[in-house]
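Welcome! Please take a moment with the sequence and the 3D structure below before reading on.

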Amino acid sequence: MTSPLQQKLKINGPVMVTANRLGDGAVIYRTAAGEWTTEIAAAAIATTADHAKTLLAAATADYVRAVDPYVAPVEFTADRRVLPGNLREKIRFAGPTIALPGA
Amino acid sequence: MYLYDDFDKTLVDERVNEFRDQVKRRLSGELTEEEFKSLRLMNGVYLQLHAYMLRIAIPYGTLSSEQMRMLAHVARRYDRNYGHFTTRQNIQFNWIKLDELPDAMADLASVKMHAMQTSGNCIRNITTDQWAGVAPDEIEDARVWGEILRQWSTLHPEFSFLPRKFKIAITAASHDRAAVKVHDIGLRLHKNGAGEAGFEVMVGGGLGRTAFIGKTIRPFLPKRDLLSYVEAILRVYNQFGRRDNIYKARIKILVHEIGAEAFGREVEAEWEKIKDGALALDPKAIAEIASRFRYPDYERLADEPAELKAGLAADARFDTWFKNSVWRHKVPGYAIVTLSLKPEGGPPGDATAEQMDAIADLADRYSANEIRVGHEQNLVLPHVRQRDLPELWRALDSIGVATPNVNLVSDIISCPGLDYCALANTRSIPVAQELTRRFRDLDLARGLGRLHINISGCINACGHHHVGHIGILGVEKNGEEYFQLTIGGRADEKAEVGALLGPAVPYDDVVDTVEDIVAAYLELRERPDELFIDTVKRIGVEPFQERVYATR
């Protein structure tokens with residue numbers, strides 16, 4: 001799970017563009033309509049490098065709402081629900097894998 | 001405690017106002033992230049996986065109870081009710097909102113706390129022995145020198161944009177509790193043949209991608225010359241340190257590439273030019289800063305009072321805790337008490353707001369309003385009357401910070417790992433938690449003796465895995481979490497980098513592998529009091545490799 005910030009853009013399957021929301025750092029996903037959402041189900045999915053680059057370029061230009069956008073892998077369930085494609089994204093999506101002490 | 005003056009207060013207040021304006025401009029879009037990033041990093045603000053993280057400095061690990069209550073307040077008001085004490089005497093809050101950060105910082109400034117020097121390529125928070133000022137084996141209170149260096153380094157214009165971050169640690173004791181040999185500059189205060197106190201100056205220590213033990217470039221530096229000499233080191237580093245490759249930018253690479261001797265010559269040449277200038281320390285100035293460290297009005301007490309003896313005789317659990325977590329104080333009748341932030345199944349170094357408040361209350365009642373933070377991610381009450389120990393233990397036990405595992409196998413140093421950190425390759429905390437469950441038998445742990453496990457979730461080594469007696473490093477292999485294990489590392493006065501044990505093991509095997517290492521140690525040690533680290537030193541890595549990998 002090498003940090004995506006240190007990776008070159010490689011597309012080996014379906015991907016989305018994700019970032020952190022400027023005001024609170026929350027995990028957000030880029031939609032096809034050029035908005036941001038916390039719902040991964042609403043993320044725009046790209047399957048080609050060109051599409052991913054287009055999504056990323058638009059997301060990067062939107063620096064007032066989002067910080068450090070990047071391309072991340074996704075997986076689909078049998079019924080085509082979108083899931084994060086690696087452990088890093090799973091943790092970003094679902095939160096820490098540990099019980100939080102102050103909870 | 002150190003008493004800050006109006007200058008410090010003004011400096012911190014101005015910094016908050018400046019940052020409030022920077023945040024406002026970022027939120028409005030006036031600043032891009034690229035423009036804002038270096039500004040937020042100068043104020044200890046990182047963007048992690050789920051949220052912003054604020055790292056607050058605890059200079060030389062000293063906290064007042066008032067400051068601890070403020071940390072509890074920040075945890076409660078701005079975060080999720082807990083904080084994480086780090087390996088560099090800082091505390092991190094993991095869920096801070098950017099738009100609330102200026103208010104959080106203003107609240108912290110009201111008790112003279114800040115986040116300067118906790119990130120960015122500057123001289124970072126100066127660290128020292130968490131027992132400084134009370135340790136029986138020290139020659140003087142190293143915090144005085146930490147404070148002198150803090151005043152010199154804070155917002156130092158020449159050293160605010162170094163090739164890379166720069167860490168300085170100081171010890172004044174015979175046993176190094178500050179890990180000075182794995183810092184960019186390590187300072188060991190000691191006495192020369194004439195009985196004068198001065199510094200052994202080590203440079204080029206560090207962990208991360210390339211681990212090195214610091215090399216001594218000056219065995220004895222008079223106190224008056226501390227600032228000029230450190231400035232000379234920083235100047236040589238600033239001039240020759242690499243800026244073209246982030247992985248080769250730390251001073252340790254420079255020292256390694258040109259050699260400690262050549263580096264030392266450059267420093268001495270630079271120092272000759274400035275040693276008698278403005279940075280030469282006037283004894284009056286040193287005394288003035290030393291006078292601002294206030295110690296309790298210690299009572300005249302005897303060691304081992306009746307209350308303590310009665311407590312030890314009456315309660316075996318108290319006796320066990322006392323033997324593990326209480327150390328001799330330099331003043332008779334007093335004790336140094338370590339509070340374990342490593343409960344079974346807990347994230348190492350974390351404390352809830354409720355625990356912080358309770359610890360602050362206990363510090364008021366039993367430790368002259370003072371708390372210390374150690375690089376092992378535990379807390380310390382430094383001024384406890386021995387007669388109060390039974391009562392204090394009951395209170396600490398009731399809030400979950402009296403696990404008698406200090407320096408034992410479950411006293412694990414761990415970075416936040418992939419559960420929080422944007423740079424991590426693997427998780428660290430769940431590995432630590434499972435290890436504390438596996439080694440929950442404290443009788444067995446005591447039988448093992450001192451055994452430090454350090455875990456890092458990536459090569460940046462925030463969990464100091466290289467210098468763990470057993471070091472665990474998370475690496476990624478084809479999208480899966482694997483862990484490399486090292487043994488034989490240590491961070492004290494005999495500091496060494498651990499040796500690789502063998503191929504990395506998958507996440508599900510790492511705790512079993514550690515258990516196998518421990519089993520091998522029990523088989524291989526010469527006698528029950530030969531510590532793990534001494535067994536490794538005596539026989540090397542191979543006998544461990546044979547046993548641990550025989551069935552893998």
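Please keep in mind that the model is predicted.

**Where chain A meets chain B**

- The contact draws on 28 residues of chain A and 40 residues of chain B.
- The size of an interface is often given as the accessible area lost when the parts come together.
- Here, about 2,700 Å² is buried between chain A and chain B, and carbon and sulfur atoms give 61% of that area.
- Between the two chains there are 0 salt bridges, while 9 residue pairs are in polar contact, with both residues at pLDDT 80 or more.
- On the side of chain A that touches chain B, the elements giving two or more residues are strand 1 (15–21), strand 4 (66–76) and helix 2 (87–94) of chain A.
- Helix 2 of chain A gives the largest share of that side, with 4 residues.
- By class, this side of chain A has 14 nonpolar, 9 polar and 5 charged residues.

**Cavities**

- The model has 5 cavities of 30 Å³ or more.
- The largest cavity holds about 90 Å³ of space.
- Helix 1 (6–28) and helix 4 (101–109) of chain B are the elements that give two or more residues to the lining of the largest cavity.
- Residues lining the largest cavity include B:Val12, B:Arg15, B:Val16, B:Asn43, B:Leu54, B:Met105 and B:Leu108, and also among them are B:His114 and B:Met116.
- The lining of the largest cavity divides into 9 nonpolar, 2 polar and 1 charged residues.

Terms used: Residues numbered from 1 in each chain as written. Chains lettered and ligands numbered in written order. Predicted model: local features only at pLDDT ≥ 70, side-chain atom pairs only at ≥ 80, totals over all residues. Heavy atoms only, no water. 1 Å grid on protein atoms, 1.4 Å probe; cavity = no way out; pocket = protein on both sides within 12 Å on 5 of 7 lines; lining within 4 Å. Points joined across faces, edges and corners; volume = space filled by probe spheres on them. Nonpolar A, V, L, I, M, F, W, Y, C, P; charged D, E, K, R; others polar. Contact = heavy atoms within 4.5 Å. Buried area = accessible area lost by both parts, 1.4 Å probe. Salt bridge = Lys/Arg side-chain N within 4 Å of Asp/Glu carboxyl O. Polar contact = N/O pair within 3.5 Å; in protein donor to acceptor, adjacent residues only side chain to side chain.
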